[in-house]
Amino acid sequence: MMVYREGRCPKCKEVMQIPAGRNQIICMFCGETFAVADTDEVDAGNYAAELEAFRECVDSLFCDVEKTVKGFQRNQYEGSFQNYLLACQKQLKTIDRIMHAAPDRTAAAETLAETVTDAAQRAMENSGVGRLGRESLQMTMNMYMVTYVLPAILYTDAGLADLTDCICRKWSAAFKKSNIQAATFDSLKEGFRRKLCYITTAVCESLHKPRDCYELQVLKAYRDNYLSTAPGGEALIAQYYDLAPTIVKRVNKQKEHETIYRELYDTYISPCVRLIEEGENEACREKYQEMVERLQAEYINTAKEQKRDR
């Protein structure tokens with residue numbers, strides 16, 4: 001009977017079953033050929049110690065959530081993110097070591113994801129905010145995870161996508177209506193250079209929300225990752241960008257424009273974000289299209305009719 005031992009690939013750090021008597025082996029994960037003597041023995045004791053160390057420091061990940069999120073702005077994000085990496089390097093390096101030392105990578109990801117989610121729940125419970133404040137805090141926590149925690153894990157080790165995916169699943173199960181997605185720091189930074197959602201941007205700015213606030217991030221990700229690939233989605237996006245700038249200009253000319261934007265937020269923007277978080281992508285499409293059609297009727301079609309009547 002063939003005898004095996006567990007060893008870790010010196011390149012990708014995945015755990016393999018290595019047959020006894022072999023001098024060389026090809027990693028089934030990354031395809032590299034290397035000497036068996038170069039493989040790392042799996043150290044279960046080290047894994048347990050690192051996991052315990054992470055449990056002791058995980059709560060500090062959620063100490064400065066609101067202050068950190070304020071750095072998610074076009075001209076601040078890169079510096080803010082680097083400061084975050086420096087402040088949380090202990091936790092991030094421990095996460096990396098745990099995943100590399102884990103005898104069962106899937107089980108380790110599940111354990112880490114539960115540990116992170118539990119820490120977030122404790123932070124919510126200890127915040128002292130009421131029901132309405134809790135909903136706002138939850139949105140801030142979602143944004144914090146999407147723009148700092150998950151990108152920082154992937155920045156530390158790009159091979160930890162399985163962990164960030166697991167954290168997203170656990171987070172969505174623990175916090176209802178919070179369907180977060182992992183993104184890299186580079187993709188988020190690049191997002192500042194892309195087109196904004198004109199109407200949502202105008203609404204959020206009127207409500208004194210930060211640039212590229214959580215609502216904007218959710219709706220832009222929805223536009224890029226779902227709507228752009230859905231049947232008729234590209235045409236809808238093109239039509240929107242033809243109409244939206246004019247709509248925003250005409251709303252801004254209204255004396256009560258702040259009231260208009262508040263009503264748009266409550267009636268359309270906030271419900272759209274909730275629908276996306278719940279995975280109701282088509283319902284969001286209908287709701288957002290309803291808003292655009294209403295604004296088109298009020299600020300474009302009406303203007304054309306008034307012009308004809310003169």
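Tutor: Welcome! Let's start with a term: helix axes are lines fitted to C-alpha atoms over the stretch in contact, and angles between N-to-C directions run from 0 to 180 degrees. Helices are DSSP runs of H or I with at least four residues, numbered from the N terminus. This is a predicted model, where local features need pLDDT of at least 70, side-chain atom pairs count only at pLDDT 80 or more, and totals for chains, interfaces and linings use all residues. Residues are numbered from 1 along each chain as its sequence is written, and side-chain values use heavy atoms, leaving out hydrogens and water.

Student: At what angle do H3 and H4 pack?

Tutor: Two packed helices are described by the angle between their axes and the distance between the axes. Helix H3 (residues 77-87) meets H4 at about 70 degrees, with the axes 5 Å apart. That makes H3 roughly perpendicular to H4; angles of 65 to 115 degrees count as such, under 35 as roughly parallel, over 145 as roughly antiparallel and the rest as oblique.

Student: Which residues make the contact?

Tutor: Contact means heavy atoms within 4.5 Å. Leu85, Leu86 and Ala87 of H3 touch Gln89, Gln91 and Leu92 of H4.

Student: And at what angle do H4 and H5 cross?

Tutor: The axes of H4 (residues 89-101) and H5 (residues 105-125) come within 8 Å and cross at roughly 150 degrees. That makes H4 roughly antiparallel to H5. Ile95, Ile98 and Met99 of H4 meet Arg105, Ala108, Ala109 and Leu112 of H5.

Student: How many aromatic pairs are there?

Tutor: A pair of aromatic rings is described by the distance of the centres and the angle of the planes. Rings of Phe, Tyr and Trp (its six-membered ring) pair if their centres lie within 6.5 Å; planes under 30 degrees apart count as stacked, over 60 as edge-to-face and the rest as tilted. By this rule the count is 14 aromatic pairs. The ring centres of Tyr144 and Tyr148 are 6.3 Å apart and their planes lie at 25 degrees, so the pair is stacked.

Student: Where do Tyr144 and Tyr148 lie?

Tutor: Both sit in helix H6, four residues apart, which is about one turn of the helix.

Methods. Helix = DSSP H or I, 4+ residues; strand = E, 2+ residues; numbered from the N terminus.
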